[in-house]
Structure formats: structure tokens, C-alpha cells
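Student: Please show me how to read the features of a protein model, taking one idea at a time.

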Amino acid sequence: LNLQRLEVICTTVKRLGFTAIRLPFSNEMLHSRTQVPDCAIDATLNPELRGLSPLEVLDQVVFALGRHSIAVILNNHTSYGAWCGGPDGNGLWYVPGSAKYTAEGWMDDWARLAA
């Protein structure tokens, strides 16, 4: 989204014959109320995404893919909003000993996404 328009990405995925994509997300992004940083989304390419929270951007990406009849497989890739694994590095769906990323919270996050 910082290098190409969302619509072009969706059109390209469809043109290449893909019918489904895996879309990673982090638990942290589901609870963030801050807007996605300007460096992560080029506002000249995707002005409709400017000022949105991470969850709102995720929603817009899912909606756009759906308009192109592309199925989305949500991938809870990490608890923390980090490139890969985050500071815990445990590979689990929760962070042992954390009050923020618990197994119960993980289940609540999935229920929230399904609602």
C-alpha cells in the first residue's frame, strides 16, 4: 500500500488467477486506535486509507479483495505489530505471562473478527 494502489493490487491478484490470499495480521493491530503511519501507506496512491487505524485498513483491504471475488484467509501471524515474531519470539498464539496477550484474549480477537 506504500508502493501500489490497493485496486491495482487486487486486479493483479485476480489477473494472475489467484482466487484466495493469506492476509497476515497481528493482535496488536486489532486494538490500536492510532492511525497507520504515513510511511506505511502512500496517500497519493491510496488516499482513501489515510488516517485509518490498522483494523480499518485491514477491513478496507478485505472489502477490496471481496469486490474482486478473492477469498481472504486471515492469518494471525503474530501478537505484536512487528515484521516477524515480535519481541516474544515464542511462536505461540499468546505470550506466556503477559496480561495483554493471553490465550483468552486471542480467542476474543478471533470472535471480534468474525462478528
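Tutor: Let us begin with W106, which counts as partly exposed because its relative accessibility is 25%, where buried means under 20% relative accessible area, exposed over 50% and partly exposed in between, for a 1.4 Å probe and protein chains only. What you see is a predicted model, in which local features need pLDDT of at least 70 and side-chain atom pairs count only at pLDDT 80 or more, while totals for chains, interfaces and linings use all residues. Residues are numbered from 1 along each chain as its sequence is written, and side-chain values use heavy atoms, leaving out hydrogens and water.

Student: What is the overall plan of the protein chain when it is read along the sequence?

Tutor: We look for helices (DSSP runs of H or I, at least four residues) and strands (runs of E, at least two), numbered from the N terminus. In the protein chain these come to 4 helices and 2 strands, and along the sequence they follow the pattern α-β-α-α-β-α. Its C-alpha atoms fill a box of roughly 45 × 30 × 25 Å along the principal axes, and of its 115 residues, 29% count as buried.

Student: What average pLDDT does the protein chain have?

Tutor: pLDDT is the predictor's confidence in each residue, from 0 to 100. The protein chain averages 89, and 91% of the residues score at least 70.

Student: Why are W106 and W110 separated by about one helical turn?

Tutor: The reason is that they are 4 residues apart in helix α4. An α-helix has 3.6 residues a turn, so residues three or four places apart point the same way. Taken together, the ring pairs link F25, W106 and W110 into a cluster.

Student: Which residues have the most contacts inside the largest nonpolar core?

Tutor: A nonpolar core is a set of buried Ala, Val, Leu, Ile, Met, Phe, Trp, Tyr and Cys residues joined through side-chain atoms within 4.5 Å. The largest one here has 19 residues, and I21, V57, L58, V61 and L65 have the most contacts inside it. At least two residues of this core come from each of α1 (6-15), β1 (20-26), α2 (27-31) and α3 (54-67), and α3 gives the most, with 6 residues.

Student: What does L58 touch, and what covers the buried residues of α3?

Tutor: Contact means heavy atoms within 4.5 Å, and L58 touches L23, F25, M29 and L113, if residues up to four places away in sequence are not counted. L58 is also one of the buried residues of α3, which are P54, L55, V57, L58, V61, A64 and L65, and their cover includes α1, β1, α2, β2 and α4. Across the protein chain, 68% of the contacts between residues at least 6 apart in sequence join residues at least 24 apart.

Student: The loops remain; is N46 buried or exposed?

Tutor: N46, in the loop between α2 and α3, is buried, with a relative accessible area of 1%. Leaving aside neighbours within four places in sequence, N46 is in contact with L1, Q4, R5, L6 and I41.

Student: Where does S69 lie, and where is G97 found?

Tutor: S69 lies in the loop between α3 and β2 (71-78) and counts as exposed because its relative accessibility is 55%. Its phi is near 60°, a positive value in a residue other than glycine. G97 is found in the loop between β2 and α4 and, at 88% relative accessibility, counts as exposed. The C-alpha atoms of G97 and T78, which are 19 residues apart along the chain, are separated by 16 Å.

Technical notes
Rings of Phe, Tyr and Trp (its six-membered ring) pair if their centres lie within 6.5 Å; planes under 30 degrees apart count as stacked, over 60 as edge-to-face and the rest as tilted.
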